[in-house]
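Dear colleague,

I am handing over the structure we spoke about, and it is shown just below. My notes on what was found in it follow.

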Amino acid sequence: MSALASVVPLAFAGAASASESTCLERWARHYVGVPQTERFQYETEQTIKNGPTMRTVFRQIDSTHWMTEAVDPDSLAWTLSHSGTMFTSSDKGKTWSVLRTIDEAENAAGRKRYEEQAKSATDAICDQETVDGVTYERLAANFMSEIGLKTQNRFTYWVDEATGQVMISRYETEAESFSSVTVQRRVAFDMDDLPRPTSN
């Protein structure tokens, strides 16, 4: 059975012990975000308790040029970041309209909030696990978040030890009136390039 077939129960404890610190640092590195220097693509499936399952594809050329494609339901809008501007498309990428200008100061502040939040993570696990015949380093931890919505979370990353790339991610989120499980899988990049609309 795949390691992703069952939900890991959420369990929240107090401050991390000294023995957890190095493991938590490794987990936090991926939670905050490792800079990507090459093209990559993730297929994402989010299942909402008592709600729909949504599927998207995320493709990134670099940190300033990326696109999210709605797969199921395919009626949802696509989003694209390019040259400091966020765009949206309601016709599957045929045309794009400006959504907003990206505020780099706001992005930096957001990253800082994630860094601070990662420091309070607990119940870290760092080991090896085989998923679909491939052995990965597994990094998992629990944390509380009040960014947007107060939630309890367990984030797990399966990392290719040779490249340091996250190949599979699982995000379990619980709030008072909301619960979801999101799984991302890294797959081969399947486009020559991403759209390059202009804001003019």
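From the N terminus on, the order of elements in the protein is α-β-β-β-β-β-β-α-β-β-β-β-β, which comprises two helices and 11 strands, where helices (H or I, at least four residues) and strands (E, at least two) are DSSP runs numbered from the N terminus. Please keep in mind that this is a predicted model, in which local features need pLDDT of at least 70 and side-chain atom pairs count only at pLDDT 80 or more, while totals for chains, interfaces and linings use all residues. Residues are numbered from 1 along each chain as its sequence is written, and side-chain values use heavy atoms, with hydrogens and water left out.

As for the whole protein, 38% of its 200 residues are buried (under 20% relative accessible area, with a 1.4 Å probe and protein chains only). Of the contacts (heavy atoms within 4.5 Å) between residues at least 6 apart in sequence, 44% join residues at least 24 apart.

Turning to the strands, β1 (residues 40-48) and β2 (residues 53-62) run antiparallel and are joined by eight bridges, two strands being counted as paired if DSSP finds at least two bridges between them. Within this pairing, T44 has T56 of β2 as its bridge partner, and in the hairpin of β1 and β2, with four residues between the strands, N50 takes a positive phi near 60°.

β2 also pairs with β3 (residues 65-72), in the antiparallel sense and over seven bridges, and there V57 has E69 of β3 as its bridge partner. Two residues lie between β2 and β3 in the hairpin that they form.

Methods. Buried < 20%, exposed > 50% of the residue type's maximum accessible area, 1.4 Å probe, protein only.
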